[in-house]
Amino acid sequence: MGLNIIVLAKQVPDTRNVGKDAMKADGTVNRAALPAIFNPEDLNALEQALRLKDKYKGTTVTILTMGPGRAADIIREGLYRGSDKGYLLTDRAFAGSDTLATSYAISRAIMKLDKADLIIAGRQAIDGDTAQVGPQVAEKLGMPQITYAEEIVSLEKGKITVKRRLERGVETVESPVPVVVTVNSSAPDCRPRNAKLLMKYKHAKTITESQNASEDYLNLSADRPFLNIPEMSVNDIDADPKWLGLAGSPTKVKKIENIVFQAKEAKKLTAGDNDINELMKELIANHTIG
Amino acid sequence: MNNVFVICEIDEGKVADVSLELLTKGRTLANELKCKLEAVALGHNIEGIEKELYPYGADVVHVGDDERLNPYTTLPHTAVITGLFEEEKPQIALLGATTFGRDLGPRVSSALQSGLTADCTALEIGDHEDKKAGKTYKDLLYQIRPAFGGNIVATIINPDCRPQMATVREGVMKKEIYDKNYKGKLNKLDINKYLKPEDLVVKVIERHMEKSKVNIKNASIIVSGGYGMGSKENFNLLYELAEVIGAEVGASRAAVDAGFAEHDRQVGQTGVTVRPKLYIACGISGQIQHVAGMEDSSMIIAVNNDPNAPINKIADYVITGDVAEVIPKMIKYYKQNTK
């Protein structure tokens, strides 16, 4: 018997490769200059899901992502690597959501999908590093949670065994399913794209994306329903607007400041022998080292 | 009612350092708000633990001592804390941003439908005016944290929901005894009142905890490397220098992400905050997330081939040059001058 697995994934700006043009002259972030990527730990989570699919025949892996229209890239990326389908949760009403409002929307969407045995996500996203959405979704769904997972050891007979990597050690826990698991970057990397799947899904589009498509494309997608990436909006998930977006977010941003370091009067040295020698003498003389 | 709460982490019967640091901060906040500071400690065989907490200024210590609370699992702790918070209605609740706090905090905040800000680097009390709604809020908790890859610092508030929750990394706040004779009140919790059978479904079947091998938090000299070190092999230069001058090796997040160093060595907002006597930053550009974790070092030496690297602005000595050239020279001249 196959499992039903939902992978929560997020498209994030690649904050690890912030270049010089990442900030505009007025000190705000220039999002256009940051490439949008599949959140790295969500890829670790996808790999855990795909390993379960390899192990348990008939398993379905579904990607669920929330974001603007371009986040459909995340679903395509997942399809290229072996997931079976994906849903894009997108609506202007979600704009300005903090982690709690995001978790509410995601949990409502999960309730609309086929009943899952496992909901799996990266521990945290690199644009916020909060690690909150996984546990908050679990609570909203009334499911147990296993955070900091490194390996899903088994998922059989309604029971999951997971190895967790904590700050100072490892722990193995057992939980009934359904359960929400969040995965660390210490888990194995995700497998690369599969060439056959890339060919199969490269024309997969959401309804919004296919609005501008040619007639040829529309004929093609009518023949191949797997090319349609379903979208979900507020109306599809029976969400109460008061828990969504800015209104549904208890935390508000009061102030954003650009970083300006108070420049100190630094002593400037070269890499030359003389400069380094003098520096080491000085540090030894004033007992900073030695 | 409406006091400042610290959810303490109990590690093998002892209170974690980060919890004591938060009690110190919580005491300052409580004084400013003219309210009480309360602590929650859950575990098993922890009788007398309140005596460890009073000297940090805890007016009330809520202790839950029950075998179902050790080892830590999410659901029983969540049940007790949300139950207690519904009765006590704290205005502020603080947790360490450890695996414990980052597992428990969001679960509790979701259950109470209250806001939580992760990895704060500063906490202050201040007012807020919502011009659109024409409302003024007094004495909110300003939760200050770097955001967006460390390019900006954001001040977050929770105007309407309580408690205002925040997590803080170990070492960010300073631990100080408030009054070694300070006497608070013990409140023993009746755990059966809060726990339901379904809270006990997750079982820990194996656990191996080891003392961290790396101790950069208490090192007096730290040689730290960033992405600019270029490779894991070049990182070995840092270990050589550290060995010679008696230092620990630290790393920036970019270096850890690139696999140059293990996560225990990460200095910064999502790693460890350090205050050594000397911090040598090699090939580190100086993103705010990193700087937040080391700017209180007594002396900073920056080695970087970019003369405009942000780290240079907070450094006492700036060496412009290639790390692979500079570090061996530091080793050589240290040895020469100490002979």
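**Entry 1. Salt bridges**

I began with the salt bridges, taking one as a side-chain nitrogen of Lys or Arg within 4 Å of a carboxyl oxygen of Asp or Glu. By this rule I found 39 salt bridges over all chains. I note that the model is predicted: local features need pLDDT of at least 70, side-chain atom pairs count only at pLDDT 80 or more, and totals for chains, interfaces and linings use all residues. Residues are numbered from 1 along each chain as its sequence is written, chains are lettered from A and ligands numbered from 1 in the order in which they are written, and side-chain values use heavy atoms, with hydrogens and water left out.

I looked up Lys53(A), which forms a salt bridge with Asp84(A), the closest N and O atoms being 3.1 Å apart. Lys53(A) lies in helix H1 (residues 40-55) of chain A and Asp84(A) in the loop between helix H2 (72-81) and strand E5 (85-89), so the pair ties together parts that are 31 residues apart in sequence. Helices (H or I, at least four residues) and strands (E, at least two) are here DSSP runs, numbered from the N terminus. For accessibility I used these classes: buried is under 20% relative accessible area, exposed is over 50%, and partly exposed is in between (1.4 Å probe, protein chains only). Lys53(A), at 25%, counts as partly exposed, and Asp84(A), at 29%, is also partly exposed.

I then turned to Glu174(A), whose salt bridge with Lys159(A) has its closest N and O atoms 3.5 Å apart. Glu174(A) belongs to strand E9 and Lys159(A) to strand E8 of chain A, 15 residues apart, and the pair links distant parts of the chain. Lys159(A) has 44% relative accessibility and counts as partly exposed.

Arg265(B) sits in the loop between helix H6 (253-257) and strand E16 (278-282), and Glu248(B) in strand E15 (residues 248-251), 17 residues apart. Arg265(B) counts as buried at 10% relative accessibility, whereas Glu248(B) is partly exposed at 22%. I also noted one network in which salt bridges that share partners join Asp17(B), Glu21(B), Glu170(B), Lys175(B) and Lys217(B).

**Entry 2. Chain A and its sheet**

I counted eight helices and 15 strands in chain A. Its C-alpha trace spans about 75 × 45 × 45 Å along the principal axes. Of the 290 residues of chain A, 53% count as buried.

I traced an open sheet of 10 strands, with mixed pairing, in the order E13(A)-E5(A)-E4(A)-E1(A)-E6(A)-E10(A)-E7(A)-E8(A)-E9(A)-E13(B). Strand E13 (231-232) of chain A and strand E13 (203-209) of chain B stand at the edges, each with a single partner strand, so one side of each is left without a neighbour in the sheet. Two strands pair if DSSP finds at least two bridges between them. E7(A) and E8(A) pair in the antiparallel sense over six bridges, and Glu151(A) has Lys163(A) as its bridge partner in E8(A).

**Entry 3. Asn184(A)**

I found Asn184(A) in the loop between strand E10 (179-183) and helix H5 (195-201) of chain A. Asn184(A) is buried, with a relative accessible area of 6%. Its side chain reaches the backbone oxygen of Arg165(A) at 3.2 Å. Not counting residues up to four places away in sequence, Asn184(A) touches several residues, among them Glu41(A), Arg123(A) and Tyr148(A); contact means heavy atoms within 4.5 Å.

**Entry 4. Where chain A meets chain B**

I recorded 81 residues from chain A and 84 residues from chain B in the contact. The two chains bury about 7,100 Å² between them, 58% of it on carbon and sulfur atoms; this is the accessible area (1.4 Å probe) that two parts lose on being put together, summed over both. I counted five salt bridges between the chains. The side chains of Asp273(A) and Lys329(B) meet in a salt bridge (3.4 Å, N to O). On the side of chain A that touches chain B, the largest share, nine residues, comes from H8(A).

Thr270(A) has Thr320(B) as its bridge partner in E18(B).

Terms used: A polar contact is a pair of N or O atoms within 3.5 Å; within protein, one must be able to donate a hydrogen and the other to accept it, and residues adjacent in sequence count only if both atoms are side-chain atoms.
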